[in-house]
Amino acid sequence: MSGGDRIALLQGTLDLIVLRALDTMGPLHAYALAARLAQVADAQLTLNQGTLYPALVRLEQKGWIAGRWGTTEHGREARYYALTAAGRRALKGETARWRRLAGLVERLLGDEA
Amino acid sequence: MARLRALVSRLRAFARRDREEAALTRELAAHLQLIEDDLIRRGQTREDAARAARVAIGGVDQVREAHRDARSIGWLEDLRVDVVYGVRSFSKSRGLTLAAVATLALGIGATSAIFSVVYTVLLKPLPYAHDANSLVRLVAIMPSTNPAGGPPRRLDLGFSADEARTLRASARSLTGVSTVASSLLTLRGVDAAGHVTIGIVSPEVLGLLGARPALGRLLSSDPDQGAHEILLSHAGWLRYFGADPAVVGRTVTLDTVLGRRVGRDLAVVGVMPPAFTFPRVETSGWTLPLPPTGATTGVFRGRLLARLAPGVSLEAARAELTPIVRDLRQHGPEVTYELVREQDELVGPVRPAMLVVGATVAVLLLIACLNVTNLLLARALSRARELAVRAALGASRSRLARQALTDGALLGLVGGAGGLAVAAAALALFRILATALPRLDLTSSGPGWGGASFPRLEEIALDGTVLTFMATLAIGAGLVVGLASAIRASRTDPFGAMRATGTAARGGAGASSARRLLVVAQVASAMTLLVGALLLSRSLQHLLSTDTGYQTDGVTTFQVALPAATYPDARLLTFADILISRLRSLPGVQSAAYANQVPMVQLRDTAGGLWTTPDPTRKPQPDGGDARYVSRDYLPTLGIRVIAGRDFDERDGPGQPRVLLVNQALARRQFPDRDPLGVQVFLGRDTEPWTIVGVVADVRQFGLDAAPEPQFFIDGRQWSRGMPIFPAGPYFVMKATRPTASLVADLRALVQDLDPEAALFNVMPMATIVASSVARPRLYASLVGAFAVVGAVLAAIGLYGVLAFLVQERTPEIGVRMALGASRADVVRMVARQGGGLVGAGLLLGVVGAVVLARAAAGLLYGIRPLDPATYVIAVVAFAAVAAVAIVVPARRASRVDPLTSLRCE
């Protein structure tokens, strides 16, 4: 991987983005999730789809999402991830935290300017 | 909470990695399929779609790796891979692995065994009391009055119950002031009658030590009642009562209580748990001393034991106690009293030796580690190309270094497991060596008077602390031995190693010089050990070849237990006289005698000192000479020479003029400028004179290394002084042409015939008694000697390994030299010069190390200086001889190099 600043941006935020996507879209498999992210990011964010996997396993281990095997509309098998109750609570907390942090950074940058 | 949960999940993921991997594989395959389906729907060919799917996902292997990092614990995964890899590569090179593991097992095992000894003896709290570190003892210290000089002597001068009471009342810095004595007594009315060790204690001591009975109750604190009770130790309960659960209430009869020969009936009141072994391991029970009944009987005295009051330092307690004790003992012997920690007092005699032995075993471990380091380094060098391949395939340098450390730790752990067996065996051997004395009592009728010759021997074991130490040592040693290879591996240059051949591929000059340094360090360490071992063993030889002044050949000693109630001193003497006359008629017996003690027995009786003027109010003098109450043939039986005057003969005996003999040391001290023969002297407060009729050659009385002390010899039948002259019963000595073992049956029959109640015990050759007096020096010399031999062999193996490697490395060069006309002798010389250089440097450094070690061990040496030049020369020559073998073999191999073959190899 190259581009240290991009990785730094993704770390921490990717988890939040995934949680948010699952919250609005309901259960998704990794490919659908990647597609959703690409759609929302509108090409501002290029992402290896594989990059999702560490985030997914992290969230699953925290108990914030749960994976279950299911079938796509085309009859293929896929693993669907759904937000858990704990995940929903975490999303609220993480979102608030992110807003505070973003606001703080924004203020700091405003002061600098 | 989430973090903890994540950690648990990660650990679980590590444990179930196969299932996790399978699940991921399935999910990734499904993912790829979905992308492919999409792309095909958009009109791509199947092949293009498959390739594009892989690109979109970012490389399946990379995802797998990232997933594994996220889901599990990265270093744990790496470690697992490293361990698997290490095990595989070690199992491929069995010889090297075996050598490394065996070496480490030896080093770790020996070190752990010695650690368990040093830890138990010097560091572990005493087992019989909580907070044992605050237990203190009051000892008397007397400046040496020996004409030859020497360190101050410690005396266990006893304190009476009255004195203890005074201290209890006046000393605020002490609590639980108690008196303790240990005595060998005769117990009757039990399953196995015989001599038993009984603790005569003041009632406070049980509280002081926090004693809780396993059965029944503790001794009554009422002096009259407690003196008629006995509290059994677990060992005593097993041995004398067959672990009878209804033992409480049974009655036994105690015969001799510190010189007071009274049959005393004692009621058993309780049994202590096994861990309570105080003050000695062999203690069978405890009772209180009989309260004094009148002015004529002696007052019971015991060693003073107490606990420092909470928050009081030893120094503060000393300051408070000094004037109080001076006051208390103003009529006592002229000695100073000092408060010391019980633990220090107990282990003091062995502390310096333990530290030296500990240091030597550490050096042995160092040699072992250096050896294995060297082996691993050689292995790393020969695998340089393999490492280079791994580096080229993307393994980071830190990863390669970690692999080397993992290899080392693996060896360490396996070596540590082997070390466990080595340690167990070493401890078993240590116990045998350290308990040499009691094992040799031929009658084995209970604990011998020597007891365990090493403090706290029975507690030494591979317990939790030792095992923890061992595990730490194993991993630590493993990491240390892996370190050099790790550094080496971290410098792997994939391109250089791949390109190069021969020497360069094996690591080049830097690594070779590292290996040479290791060998120098090994030789130096081995040399240090060798000097240490030689010094100790030569010191032991000096000890053993000391002229004791008496003969031990054919001399047997034994004791007889008699019912004290029916044997006051006078009757005891009569019994002894009859017994020795009967002994003389035994076949093969040349002479027989008795005395209050034989040489090497640590009993002291000064008889109040020997004086040239009478004084009925005289103070007892603790160093007034050592009194021997002997029968007529005592001196010739032991071969002790009479230098001037005469020995006891038929003129002497009860009712005859009182005569005595003095030894040379006493003559020198008290009659420096006149002939002692014919001089009239007085003993203690006794006002009847004795005439000196002979001067006896000095003998080693209290130890082979202890200079002879002033002694005088009297006929016990000529003096009744109100105190028993045989507090431990008489020692019988006999000279016979038959070995001791063959005499036992005859002796037992003879003694039984004289009195069916009499019991024979402690039958021992005199030579054994003398030999056992050097049990400790022998133990130390054996230990350090064994370490030195192992160390020297290891160092020689290390030297051989490096030289063999050098020869192999330089084979092409040697080939060229020989092709250019160098003779075989030239080649041998070349290799020998290299080896010799390493050995020389090592020996030089080793001498420096040896001087440091020898200085530290100076206190253990007898008759030899720590810098004794001959010892150093012997060590250098001995090691050089071993090293020569290690050099000659590879040198000869070098000389057989065929120039053509070697050049073709290149």
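On the surface, Trp98(A), Leu101(A), Leu104(A), Val105(A), Leu108(A) and Leu109(A) form a nonpolar patch with about 550 Å² of accessible area together. Such a patch is made of residues with over 30% relative accessible area and no salt bridge, with nonpolar side chains (Val, Leu, Ile, Met, Phe, Trp, Tyr) joined within 5 Å and like charges within 9 Å. A salt bridge is a side-chain nitrogen of Lys or Arg within 4 Å of a carboxyl oxygen of Asp or Glu. Areas come from the Shrake-Rupley method with a 1.4 Å probe, and for residues only the protein chains shown count as cover.

The model is predicted: local features need pLDDT of at least 70, side-chain atom pairs count only at pLDDT 80 or more, and totals for chains, interfaces and linings use all residues. Residues are numbered from 1 along each chain as its sequence is written, chains are lettered from A and ligands numbered from 1 in the order in which they are written, and side-chain values use heavy atoms, leaving out hydrogens and water.

Leu101(A), from the patch, lies in helix α5 (residues 85-112) of chain A. Helices (H or I, at least four residues) and strands (E, at least two) are DSSP runs, numbered from the N terminus. Leu101(A) has a relative accessible area of 46% and so is partly exposed, the class between buried (under 20%) and exposed (over 50%), with a 1.4 Å probe and protein chains only.

Chain B contains 30 helices and 23 strands, and 51% of its 906 residues count as buried. One of its helices, α13 (residues 351-382), holds Asn374(B). Asn374(B) is buried because its relative accessible area is 3%.
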